[in-house]
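Subject: Structure handover

Hello,

Here is the structure to take over.

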Amino acid sequence: MSPTRSFMNAGLRPGGKHGLSSQESRDPIGFAVAALSRVAQSDLIDRIGLRKQAEQAVFTVTRSGFRTMTTASRTFARAGKKGKPGVRVPAATARGVFDLTPTEDEQMLVDVVTELADEVVRPAAAEADDTCEAPDSVLKAGVEIGLPILGVPEALGGISEERSAMAGTLVAEALARGDLGLAVAALAPGSVATAIALWGTDEQQQTYLPAFTGDEAPAAALALNEPAVLFDVLNPSTRATRSEDGYRLTGVKTLVPRGADAELFVVGAELDGRPVLFLVEGGTAGLEVEGDPAMGVRAAGLTRLALDDVKVPDSAVLGTVDGTTYAECVRLSRLAWCALAVGTGQAVLDYVTPYVKEREAFGEPIAHRQSVAFMVANIAIELQSMRLLTYKAAARAGAGKDFAREVALARKLCADKGMQIGLDGVQLLGGHGFVKEHPVERWYRDLRAVGIMEGTVLI
């Protein structure tokens, strides 16, 4: 069965808006936020005059964040053969001349994810941005259509027949048209599953990937960013030192999505002068998670991850120790952020185009003004250039070719022009662009993250 037919067979059946799965574990602050949010939506507090106090409580909790030891309850049973190479999918089939037209399967995939973005993600975005938490309805819908296993080989229970970074790029773009922050939250577990599929050993794949292929995929996240001025992602400050039975990790990671609920992390650390990836389970002693809300991408539930002499076994190393796996991970993550920027930029264009045609000033639509028309046209032009460079980098990545130059060019363009598109979108709406009634101000804040977020999602 082709990858996208598996997607089409899965329905879009999001869970309850405020409900929790009976099997879900949540830290104390999560229970507090959920309870306060539910109270704040009740008519009862209006009748007894407590509306203002309830809303203030919700705001204070989400703004202040939290600090807690990780409370992940899932236990990953060791399986597979230690040291045996893992399953790898073949590179994407060459199609001759460079062609931006999606295949039939890719287009079907885009259609399903677009439906999810329109019907589930976009309506939940404003509230998720306020509470700094992705609702269960969005996360469950993402699992049901197969987002966590998009990059997992069919032999391991996934839907990937060949390595297609283009499919991942199209998914990220389509999902970001709904909301970038929620897209990051929904794609984060799949980032870890894809990383294990790409570089994991047989033991790592057999131990962790079965959890992602089930109905209750674990929350998981990449943790590469660090709270340092002019941070160089290829030179992390987090250190890994060898011990008798494995490694000890010490350092701080920041901007980690869904860290409070994550049961598995891929952590970047320096080992013997080279950057290396490590698999760290959420319940490991020495891990501490703290709320780390930022200017944008708030719906992803960003957190800070502190590692205090965290012990991991020697089998925790993901990929090579010479820095090549780490570098490829960074490039794929940057490619994913380019796709997210393209999707969000498209959302801006789709929103401002009808607005300027309907908004009137001096007796005619403002779209009749050359300055306005040129600004909208420029958004469309820059957006198409961003898409072209991103797709080209994705095509080379999927074919197993070196794509370092292409992804560097795409990231530079998407960071600069994406932020400009967000700014122009706010400008075109005038005063409306500055208020939360319209989503453009949120998209502007989210687009500013493209040049900062190094390792949060991965194609």
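The sulfur of Cys338 has its closest cysteine sulfur in Cys414, 4.0 Å away, which is too far for a bond. A disulfide is taken as a pair of cysteine sulfur atoms within 2.5 Å, and by this rule the count comes to 0 disulfides. Cys338 is buried, at a relative accessible area of 1%, and Cys414 is buried too, at 0%. Buried stands for under 20% relative accessible area (1.4 Å probe, protein chains only).

This is a predicted model, in which local features need pLDDT of at least 70 and side-chain atom pairs count only at pLDDT 80 or more, while totals for chains, interfaces and linings use all residues. Residues are numbered from 1 along each chain as its sequence is written, and side-chain values use heavy atoms, with hydrogens and water left out.

Helix 10 covers residues 324-358 and spans 52 Å from its first C-alpha to its last, close to the expected 51 Å (1.5 Å times one less than its number of residues). Helices are DSSP runs of H or I, at least four residues, numbered from the N terminus.

The axes of helix 10 and helix 11 (residues 370-398) come within 9 Å and cross at roughly 155 degrees (lines fitted to C-alpha atoms over the stretch in contact, with angles from 0 to 180 degrees between N-to-C directions). Helix 10 is therefore roughly antiparallel to helix 11 (an angle over 145 degrees). Their contact (heavy atoms within 4.5 Å) includes Cys338 and Gly345 of helix 10 and Ala380 and Arg387 of helix 11.

Regards

Definitions and conventions:
Buried means under 20% relative accessible area, exposed over 50%, partly exposed in between (1.4 Å probe, protein chains only). Helices (H or I, at least four residues) and strands (E, at least two) are DSSP runs, numbered from the N terminus. Angles under 35 degrees count as roughly parallel, over 145 as roughly antiparallel, 65 to 115 as roughly perpendicular and the rest as oblique.
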